[in-house]
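Hi,

Here is the structure I promised to pass on. Have a look at it first, then read my notes below.

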Amino acid sequence: MKTNLLPGALLMAAVCGLSACEDHRLSPNADFPERIEFFAERQYPEGMAYSARLDRFIITSLTQGKVGTVSTDGQYADLVSDPALISGVGVKVADERIFVANSDNGVSSKSSPATTQKTAELLVFNLNSRTLERRVDLDDLLPGMNHFANDIALNPDGTVYVTDSFSPVIYKVTSEGTPSILVRDDVLFSSPTFGLNGIVYHPDGFLIVANTGVGKLFKVDLKNGNAITEVGGLGNLPGDGMTLVGTTDLYVVTGSGSRVALVRSNDNFATASVVETQTDGYSMATTSTYVNGQIFTINARIGEINAAMGDASKLQSNTYSIQRYK
């Protein structure tokens, strides 16, 4: 496997490492409407974060292998484009860096037979220079299997966790960039269709991860040998992106992107329940982000991606939206 810390980033990484103080909780200069409509040619923005430093949402692109920004008044602009980025999926922003899950499901303009369903990487870009600092191969950890790096969770100590939707694993990347398989479970993490998806880090030292294909949420206890348990009490909940607010409230995009469910737990997610579901304003949504005390969800037209799998010429949509949870 290769873990590349690219020239020009060595000194910065040596001095401050890759910690994980997310840049999205507060943006006092931005005015957030209930709904933001924007134009971005063939973007298909599966992942979304928010940068208070830029006062912009940051979105990925499944079809073009780039990262862009969206202002609160709906202005889109390209931010990062690099040959290494084939198809951007999950994204986080922390400590003036952009963390992107890099994959290939065959619909990107950069797709190739060698990379389609074989790519799982973590790319780290500098928010100021907009250059690639670090490229970490994850698929090499599990050769001979299909791969699709999907979502990212950040631990405040700088550790990054990445889900793989085609292999039953969660990857771990240390603050120094060393990758490993955090946990593999061929039963709980497998799926006949799309497997592991959204992931969040809980400040009490565990991860919550969605297995979309089986409609369940799982807890991975980082303080107890990475023990995996199902979050009880939820029934069928095929989650996509997830956003944790505080220690009890988890917002889950579900229903093939047609709704956002507020999941609440009072026992550290041994069990949980859906206390509220909103449907107005959501269509083919994928994930959410939390800023200024509110949840915003990206309507990414993900259903069109699923229908056009392997034929990028079918993907011609240019209009998207970001919906506030009311």
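Which residues have the most contacts inside the largest nonpolar core? They are F57, L122 and I322, in a core of 43 residues. A nonpolar core here is a set of buried Ala, Val, Leu, Ile, Met, Phe, Trp, Tyr and Cys residues joined through side-chain atoms within 4.5 Å. Strand β12 (residues 147-154) gives the most to this core, with 4 residues; helices (H or I, at least four residues) and strands (E, at least two) are DSSP runs, numbered from the N terminus.

Before you go on: this is a predicted model, where local features need pLDDT of at least 70 and side-chain atom pairs count only at pLDDT 80 or more, while totals for chains, interfaces and linings use all residues. Residues are numbered from 1 along each chain as its sequence is written, and side-chain values use heavy atoms, leaving out hydrogens and water.

Back to F57: beyond four places in sequence, its contacts (heavy atoms within 4.5 Å) include F32, T72, F296 and I322.

P33 sits in the loop between α1 (10-16) and β2 (35-39). With a relative accessible area of 28%, P33 is partly exposed (buried is under 20%, exposed over 50%, partly exposed in between, with a 1.4 Å probe and protein chains only). Skipping neighbours within four places, P33 touches T72, F296 and R324. P33 and T72 are 39 residues apart along the chain, yet their C-alpha atoms are 7.1 Å apart.

Then there's D249, in strand β21 (residues 249-254). D249 counts as buried because its relative accessibility is 13%. Its side chain makes a 2.7 Å polar contact with that of R264; that term means N or O atoms within 3.5 Å, where within protein one must be able to donate a hydrogen and the other to accept it, and residues adjacent in sequence count only if both atoms are side-chain atoms.

Cheers
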